[in-house]
Structure formats: structure tokens, C-alpha cells
Amino acid sequence: QMFLSYFKMKKKYGLVYGAYSWLTPSITIADPEILKQIFIKEFSTFPDRQQKALLDVNGKEMNTALTSVTGSQWKRIRNTLSPTFSSSKLKEMFGIVEDCADSFVQNIGTINSDGDGRFDVSLAFGRLTLDGICSSAFGVKVDSQAANNGKESQVAKMAREFLAIEIFKNPMVFVFLVFPWLGKVAKLFDYSVFPKKYIIYFSKLIDSVVETKKKKKQRTDILQTMIDSQITEEDVKNGAVKGVTRTEMKGNALITLIAAYETTSNAMVFLAYNLAVYKDAQHKCREEIKQVIAEHGGLTYEAVQDLKYMTQCLNESMRLYSLVPANGRYCVRDITINGVTIPKGTLVNIPVFGMGRDEEFWNDPLTFNPDRMLDMNEIDPMIFQPFGAGPRNCIGMRFALLEIKITFAKLLQKFYLDVCEDTPAPPLEVTFKSGMRPKEIIHLKVTAVE
Ligand code: HEM
């Protein structure tokens with residue numbers, strides 16, 4: 001309802017309107033010209049997504065996560081972690097992602113004990129994503145996809161429990177939203193809105209993985225990049241511009257788990273649903289996969305980059321079903337942009353979900369039409385921004401795209417995707433927990449390609 005209110009408000013007030021986000025003044029902006037200035041040209045005026053006090057309520061490790069840090073600390077950590085997602089590093093991580101996708105395809109045909117190919121889409125893609133993230137962020141193979149045989153590892157169990165926490169159900173979150181200045185007190189007492197038991201567990205896990213990796217250099221993953229660039233608190237005090245401390249390493253491994261899990265798994269849930277409903281698109285994806293594999297002699301990193309039509313389907317799916325339905329930028333000094341004055345201390349709300357379904361920006365917006373994503377130069381990156389925009393956009397975008405495309409390339413090679421009798425017709429109803437997901441449990445069916 002909150003995300004749909006955009007249409008009502010826009011009809012009444014237009015593309016820019018003010019409101020309060022609890023006690024913080026907020027302005028909703030859907031004007032792409034103003035947004036371009038906010039995200040890019042005036043980045044120094046809008047450097048963060050929230051006010052600082054509200055970012056310090058996660059405990060000392062997670063207060064250092066990229067999503068929470070500001071100023072020179074953000075710059076240093078972002079500079080350190082960005083190369084992890086370069087083409088060369090992603091190529092090195094290709095094997096990790098491929099192993100998870102292989103395990104997914106092996107398990108998907110038998111995930112349901114009835115053997116009829118019916119499966120719970122969120123459960124299946126959730127396990128796949130968990131495997132990928134635990135391998136890459138913690139350097140631990142958890143194989144949660146084999147969990148239907150009842151053997152779930154302790155790491156997978158803890159990660160699954162940690163990710164199932166609905167943070168907005170913690171009443172303290174509302175206390176902080178209403179009284180943001182209390183965040184300073186929370187920081188002082190190392191308070192965390194997340195249960196400490198999980199933070200302690202994963203901190204210890206990282207300590208032990210770091211020791212193992214130090215003894216024997218292992219495969220490239222996100223944690224390895226952080227280990228390779230570890231610095232001390234002293235280095236930070238002396239003005240280091242690159243590197244992460246051990247505490248920052250822990251906070252950023254944990255945020256990778258949170259930032260990557262719901263978003264990536266739900267991106268796959270919605271894509272699978274759309275391909276099962278829109279069979280022409282599924283057929284075209286399968287033909288493209290065959291052609292690309294033939295051209296590259298296998299499903300290589302380069303072959304995955306050539307899956308153009310699949311990318312169109314994914315983009316169209318993310319437009320219709322925004323994984324992160326709203327973005328934000330916090331204004332740190334008074335500014336006037338295109339006649340709109342934004343005072344210091346205002347929260348800018350970007351209605352990503354609404355803009356993705358707005359008739360002013362898209363023809364027939366509720367129809368899944370991958371052809372409209374043919375030429376991305378014609379799509380305004382402010383109106384369609386599944387991974388955000390500007391210098392503070394999603395750092396893991398290329399990793400997510402790689403994981404999704406490898407998985408679907410492997411899945412569609414082996415299986416046809418179909419709807420079940422009880423699969424709802426499009427458009428799916430959605431709900432927001434820690435990310436956007438289908439309101440109901442969605443089942444689809446796989447049948448082996450002969
Ligand atoms: C389909 C999957 C994903 C979607 C849709 C998504 C979306 C987003 C969005 C909308 C933002 C906010 C960007 C902004 O403020 O402009 C964001 C930030 C972020 N994402 Fe993602 N994300 C995805 C996957 C991932 C993955 C796989 C990782 C890590 C491996 C990741 C790590 C992060 C981090 C650390 C930030 C904060 C960046 C910063 O503040 O500098 N995300 N993501």
C-alpha cells in the first residue's frame with residue numbers, strides 16, 4: 001500500500017511532493033532531471049541514504065558496513081571493495097557461482113518428494129543464493145541446496161535464521177525512526193537492532209576462516225579481497241585511504257549476506273515466474289543460450305555476458321517487480337535544484353516501484369514486455385534504477401547479474417519452466433518484508449528438456 005500510494009499522491013501533487021518520514025521532513029521526487037542532479041552532480045550534498053544517527057544502531061561491526069558508513073570511511077571501504085566486482089575478479093569467482101548453479105539444477109528436479117517437478121520458488125532460489133553468498137562472503141561452502149536430505153550445516157542454519165529476522169518487527173526500529181538522535185546513544189552502548197548472537201557467531205566464523213586462509217591462500221572470494229587489504233585501526237588513524245580493519249571486514253561480510261540475499265533470490269523468483277507465464281520469452285531465452293554456448297564453446301564468463309535477451313527479460317522483470325521498492329538520499333546542506341528547494345536535513349525518497357509502473361514513463365506498464373529493454377540507452381537510468389544510481393549505487397550489481405544469468409542459463413538448458421494450477425495470474429501481488437517478494441508462496445513446475 002505504501003508503495004502504491006505514489007500513484008494517488010502523484011495525481012494530486014505531481015512528480016515532487018513533501019511529507020514526513022516519522023518526524024523527519026521528506027520529499028518524494030520522481031522527476032528524472034532533478035534525480036540526476038541529486039544522484040550524480042550534487043552527490044556531495046546527498047552522500048548517504050539516511051541520516052547518520054540512524055545508521056549507527058547495528059552494533060560496532062555492522063555500523064562499519066558500506067550501507068552505514070559515511071564520508072571518508074565510506075570512500076575508503078568502497079575503494080577497497082570495488083575491485084572485488086571487476087571483470088577479472090568476477091572471472092576468478094565464476095567457479096564458485098557455477099558450483100552453486102550446478103547444485104541448483106541437480107536438486108531442482110527432485111526438490112519435491114512427489115517427483116512431479118513442482119517446487120516452492122522462494123525456497124529453491126533462497127537456498128541457491130544462500131550457498132552463493134556464504135561461499136563468496138565467508139569463504140564457507142554450506143550446500144544448503146542439499147538440505148532436503150535433512151543435513152543442514154550449522155553455518156547455513158545460522159545464516160538462514162539471521163536472514164529471516166524481520167527487522168521492522170523490532171519495536172526499537174520505530175523508536176529510532178521517531179527519535180533519530182537516540183542512534184548516538186545506541187552507538188555509545190554498542191546496541192544492535194540485530195540479535196547479538198548472530199553477529200558474535202559470524203564474527204567468530206570470520207576469525208577462524210581468516211586464520212585458515214592466512215595459512216593457505218585459497219580461491220578468490222569477497223572475503224579474500226578484504227583479507228588481502230587488511231589494515232589496522234592505527235593505519236586508519238594515520239589517514240589510510242585504502243584497506244579495511246578486522247571489524248570492518250566482519251561488518252561488510254555480514255552486510256553482503258543481507259544486501260545480497262533477499263534481492264538476488266527474489267530477482268530470480270520473479271524472473272522464473274515471468275518466464276513460466278510468458279512462454280515465448282522463455283523459448284527465446286533457451287534458443288539464445290544454445291546459440292551463445294555454441295559460439296563460445298561452453299558457458300564461459302564471456303558467454304554469460306552475451307546473454308542479451310535474457311538480460312532484457314531480467315531488466316523487464318525488475319522493472320515490474322522492484323526488488324528495492326524505494327531508494328533514499330539524505331540532504332546535508334540547503335540546495336535548490338530546478339526550482340525545488342531542499343533544506344538540509346531532508347530525506348529524499350525515490351519511489352522506484354511507482355516509477356517502474358507509471359504510465360507516464362512506460363506504455364502498458366503492467367505487461368511483461370522484454371522488447372522495451374532492447375536498447376538501454378533509451379531507458380532513463382533515473383526512472384529505471386533497480387540497483388540505484390550514482391557513486392553510491394549497488395556495489396554487488398555485477399555479481400548478482402552473473403549469478404542470476406548463470407543459474408538461468410543452466411536451468412533453461414535442462415528444464416522447461418511451467419506454472420502450476422494454483423500459480424496466480426500476472427501481475428503478482430507483492431509484499432515488503434526485508435525486500436520485495438510475492439505476497440503468496442509461488443509454486444512452479446519443471447519438466448526435463450528431452
Ligand atoms: C538483484 C540483486 C540486487 C539488487 C536489486 C540490489 C539493489 C541495491 C540497491 C537499490 C542499493 C542502493 C543503491 C543506491 O543507494 O543508489 C544497493 C546497495 C548495496 N548493495 Fe545491492 N542489490 C543486489 C545485490 C547485491 C549483492 C549480490 C551484493 C553483494 C555481493 C550487494 C551489496 C550492496 C551493498 C554493499 C550496497 C551499499 C552500497 C553503498 O552504500 O556504497 N547487493 N543494492
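Q: Which residues have the most contacts inside the largest nonpolar core?

A: A nonpolar core is a set of buried Ala, Val, Leu, Ile, Met, Phe, Trp, Tyr and Cys residues joined through side-chain atoms within 4.5 Å, where buried means under 20% relative accessible area (1.4 Å probe, protein chains only). In this predicted model, local features need pLDDT of at least 70 and side-chain atom pairs count only at pLDDT 80 or more, whereas totals for chains, interfaces and linings use all residues. Residues are numbered from 1 along each chain as its sequence is written, and side-chain values use heavy atoms, with hydrogens and water left out. Here the largest core has 136 residues, and Phe125, Phe202, Ile342, Phe408 and Leu417 have the most contacts inside it. Helix α13 (residues 246-277) provides the largest share of this core, 16 residues; helices are DSSP runs (H or I, at least four residues) numbered from the N terminus, as are strands (E, at least two).

Q: Which protein atom is the donor of the iron atom of the ligand?

A: Donors are N, O and S atoms within 2.8 Å of the metal (3.2 Å for Na, K and Ca); water is not among the atoms, so sites may look incomplete. The only protein donor here is SG of Cys394, at 2.3 Å from the iron. Cys394 sits in the loop between α17 (352-356) and α18 (397-414).

Q: Which strands pair with β11?

A: Two strands pair if DSSP finds at least two bridges between them. Strand β3 (residues 118-120) is joined to β11 (residues 443-448) by three bridges, in antiparallel fashion. Strand β8 (residues 415-419) also pairs antiparallel with β11, over five bridges. Lys445 of β11 is the bridge partner of Arg118 and of Asp418.

Terms used. Buried means under 20% relative accessible area, exposed over 50%, partly exposed in between (1.4 Å probe, protein chains only).
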